[in-house]
Amino acid sequence: MGTIAFDLDGTIIDTSLQEKDFLYWYEKVARLGKYNGRVVHGMQCAKDIFPDADSKVFSDFDSYIERFWHSRYPLKPGVIELFSWLKEKGHKVFIITSRGADVWGGSTFDEVKEDTIKCLQPIVDFIDGVYMGIPSNEKIDVCKECGVTVYVDDSPTVLESAKDSEVKMIIADNVYNREFDGIRVSSYCPAFFVDALEQVGGLD
């Protein structure tokens, strides 16, 4: 038996819809001539740079974030089956996420937590604990405290901080973390994920 932990957004939560969703907001801001930088952080920068602007687009964006950011995106295919399999094998499973570390759109931490619980409802029976609001550069420390031997995350910050750690990483594959060497997964179907677990050798 072993202990494994997973990140949420970009790892077991499918946030690929963000690209389409935020293109709409990119275009709105660009039309205003305000800012055409990166998505969420870009919108916040636009507010900081143009605090006195006619900013209905910004309030609309806040409303969007408040309603959809933490609850719209679904679990990736295979996640439910994988978590069920891990629990059946007697492994402990934790969620360690940065959700709640930064709260957008006027939401409170408790509201983000409530939305996250809804999001995790299909796998809640297979989870031993959820740690929210953990900054990326502190996630490996939390893993150690929880006795986690394998951690799955997509964040370059996490991958960098794990380089000299005994916590074994499985990289949730994405274009922004391809510079890191290691075992990668793009599917959470148990048949594929088990192969990654065997390669890292972290769950006995």
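Predicted model: local features only at pLDDT ≥ 70, side-chain atom pairs only at ≥ 80, totals over all residues.

Residues are numbered from 1 along each chain as its sequence is written, and side-chain values use heavy atoms, with hydrogens and water left out.

The protein chain contains eight helices and six strands; both are DSSP runs numbered from the N terminus, helices being H or I of at least four residues and strands E of at least two. Read from the N terminus, the order of elements is β-α-α-α-α-β-α-β-α-β-α-β-β-α. Of the 204 residues, 44% are buried. Here buried means under 20% relative accessible area, exposed over 50%, and partly exposed in between, with a 1.4 Å probe and protein chains only. Among contacts (heavy atoms within 4.5 Å) with a separation of 6 or more, 65% are between residues 24 or more positions apart.

The six strands form an open sheet in the order 3-2-1-4-5-6, with parallel pairing. Its edges are strand 3 (129-131) and strand 6 (183-185), each of which pairs on one side only. From one strand to the next the twist averages 25°. Angles run from 0 to 180 degrees between N-to-C directions, and axes are lines fitted to C-alpha atoms, for helices over the stretch in contact. Two strands pair if DSSP finds at least two bridges between them.

Strand 1 runs parallel to strand 2 (residues 92-96), and four bridges join them. Ala5 has Phe94 as its bridge partner in strand 2, and Phe6 stands opposite Ile95 in strand 2. With strand 4, strand 1 pairs in the parallel sense over three bridges; there the bridge partner of Phe6 is Val152. In strand 1, Thr3 and Ala5 point one way and Ile4 and Phe6 the other way, and all are buried. Strand 2 is also mostly covered, with four of its five residues buried. Strand 2 is joined to strand 3 by three bridges, and these two run parallel; Phe94 has Gly129 as its bridge partner in strand 3. One of the positions involved is Val150, whose bridge partner in strand 5 is Lys168.

Two helices are described next. In helix 5 (residues 109-119), the buried residues are Val112, Asp115, Thr116 and Cys119. Seen down the axis of helix 5, these residues fall within an arc of 100°, so they line one face of the helix. The arc is that of the directions from the helix axis to the C-beta atoms. Exposed residues Asp110 and Lys118 are on the face turned away from the buried side of helix 5. Helix 8 (residues 190-200) lies across strand 1 (3-6), strand 4, strand 5 and strand 6, running at about 145° to strand 5.

Val200 lies in helix 8 and, at 13% relative accessibility, counts as buried. Leaving aside neighbours within four places in sequence, Val200 is in contact with Val150, Lys168, Met169, Ile170 and Ile183. Val200 and Ile183 are 17 residues apart in sequence, with their C-alpha atoms 7.1 Å apart.

Asp7 is in the loop between strand 1 and helix 1 (17-32). Is this residue buried or exposed? Asp7 counts as buried because its relative accessibility is 5%. The side chain of Asp7 makes a polar contact with the side chain of Thr11 at 2.9 Å. A polar contact is a pair of N or O atoms within 3.5 Å; within protein, one must be able to donate a hydrogen and the other to accept it, and residues adjacent in sequence count only if both atoms are side-chain atoms. Beyond neighbours within four places in sequence, the contacts of Asp7 include Ile96, Lys139, Tyr151 and Asp153.

Tyr73 is in the loop between helix 3 (56-68) and helix 4 (79-88). Its relative accessible area is 2%, so Tyr73 is buried. Tyr73 and Ile13 are 60 residues apart along the chain, and their C-alpha atoms are separated by 6.5 Å.
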